[in-house]
Structures are given as structure tokens and as C-alpha cells.
Amino acid sequence: MTRREKWTVGLVIVLIGVLGWMEATAPEPVDWSPSWSRYHDKPYGASLVHERLTDLFPVVHTTHRSIYENVDALNDTAAPPMAHVLLGAQFSPDQVAWNALLDRVSAGDQLFVAAAWLGDEVADTLGLDMDVELGAEEVDLRFMGRSPIAQGTFTYDRHFDDRYFTRYDTSRTRVLAVDGASRPVLLQLRWGEGRIVVCSVPLAFTNHHLLKGGNARFMAGALSLLSPLPVLWDEHYKLGRQGDSSPMRYILSQPPLRWAWYL
């Protein structure tokens, strides 16, 4: 290797080291991507939300299994009624899992779903349609009824899509919260011996809005529609079966470790 080649290699190594040091020491930009995961403390994660569930429910279990696997396990052990809590951008289980879950709800389980989009199986079965108003700088929510769950108006910002229900089965459904234009955002449905609560604004159930103003009262009020049963908190449909337990996922999420891996 010539002297010039040695200088070139040395310069490249120094540049890589400097770039790695700069990235490792630079302040992390705020990650506003939504995950609704109990393992994420970013604004649109749900680590704080998960922690506060114990204020409302006696026991909170986390699952990385699919709905069908959970229901099958519960049926095998003749488990007492549970409350299933699923938060995310969408809720679209396959037909087998959805029918199995509905069987559990009919027998006395309860289901809480906060999702911006419902799969065809779910929407058709529950008789729901949804729409969205984009571009609103702020979205106001409030509870409905002669004795609303909580008084006042709850205001949301930061790319908070105003999603709402345009169709629901009035024979079995109660509207419990609306947006500023009086469009339904929170519904409760009777289903056999159990109940189903569906919310069209899942970002309301994130760390950012738990800590912002009085919005924690909306979150607590919506979740209080469930009876104080043991809760099964879903992570499978957010992070997959293994979630954050994958070593490579963690290495690539940390700048110093990521650079070490690249080198």
C-alpha cells in the first residue's frame, strides 16, 4: 500500500468516526410517529397510558399473540371474563379471529377498540362506517348524554385527524362522545352478555395527550366504560409476536450501536 493510499484510508476512517460521534451526541429529534405501544415513551407511544390502566383495572396482562391464539387459550382454561384493549391505526383481524373474539364477547368478555380504520369484517358485523376530516388545526371532543362521563371540552392538536362514524346500528348502539361538529367518535354496543366500545380517534390514547391539559379525563372516561375486569393489552398488532425483544431491532434503534454495526 502506497503512502497516498494509507492517507486516504486513514482519512476515511477519521471521517466515519467523526460522523458517528456527531450522530451519537446530537440531540434526538422528537419522534411523532404513532405506535400505541406500551414499550414506547415517545409522544404517540403508550407507555404512560399502559401504566395508568392499573388505576381503572385490577390486573393488566400484555400479549404478543394473535386474537385467535388468546381466545383459544382463554377457552381452554375456562378463564373468567376479560376486557380486551386494542389500540392502533387500524383494526382488521381475519374472519376466524374476529368470530372467535365475538364469541368471547357474547359470553361476557368486553372489547375496547380505538382505531382510525376498521377492516371490512369488523365494520360489516358491527354496522359501522367511518369518514375523516383532514387539515384541522385543533379537534374538540366532548362526552354526550344527560349525565356525561366527564364534563367539559377536550382539545387535541398536532396532526390529530378528526375521524368520526357516519353509520351505526341505532338499535344496539349508544353515542357517548362527539367531535366539535357533533359527529360521533365514541360508541358503545351491546353484544350478547358483553359489550363493545369503539373509538374513531386512537391518538387520544397516547402519552402526549395523557399529559396535555385535561385530556387524561377523556381517556379515563372512555376506558371506564369497561367493567373493572382483568385487561388483556394487545401488542401483537403493533409490534408483532416478538415486539422489541429482537436484538437487531434494538441495535438499529440506537445511533451508537447502529454505527458500530455498520463499521
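In this predicted model, Gln90 is in contact with Ala115 and Trp117, leaving aside residues up to four places away in sequence. The C-alpha atoms of Gln90 and Ala116 lie 5.6 Å apart, although 26 residues separate the two in sequence. Gln90 belongs to strand β2, which spans residues 83-91. With a relative accessibility of 51%, Gln90 is classed as exposed, because the exposed class begins over 50%.

Strand β2 forms part of an open sheet of nine strands, arranged in the order β1-β11-β2-β3-β10-β9-β8-β5-β6. Pairing within this sheet is mixed. In general, the strands of a sheet pair through backbone hydrogen bonds, in either a parallel or an antiparallel manner. The edges of the sheet are formed by β1 (60-63) and β6 (154-156), each of which pairs on one side only. From one strand to the next, the twist averages 20°.

Within the sheet, β9 (residues 184-191) pairs with β10 (residues 194-199) in the antiparallel sense, over six bridges. Arg190 has Arg195, in β10, as its bridge partner.

Two helices were examined in relation to the strands. Helix α7, comprising residues 216-223, packs on the sheet and touches β3, β5 (139-143), β6, β8 (173-179) and β9. The direction of helix α7 makes about 45° with that of β5. Helix α4, comprising residues 95-106, lies across β2, β3 (110-118), β9 and β10. Relative to β10, helix α4 runs at about 125°.

How values were computed. Residues numbered from 1 in each chain as written. Predicted model: local features only at pLDDT ≥ 70, side-chain atom pairs only at ≥ 80, totals over all residues. Heavy atoms only, no water. Helix = DSSP H or I, 4+ residues; strand = E, 2+ residues; numbered from the N terminus. Buried < 20%, exposed > 50% of the residue type's maximum accessible area, 1.4 Å probe, protein only. Contact = heavy atoms within 4.5 Å. Pairing = 2+ DSSP bridges. Axes fitted to C-alpha atoms, helices over the stretch in contact; angles between N-to-C directions.
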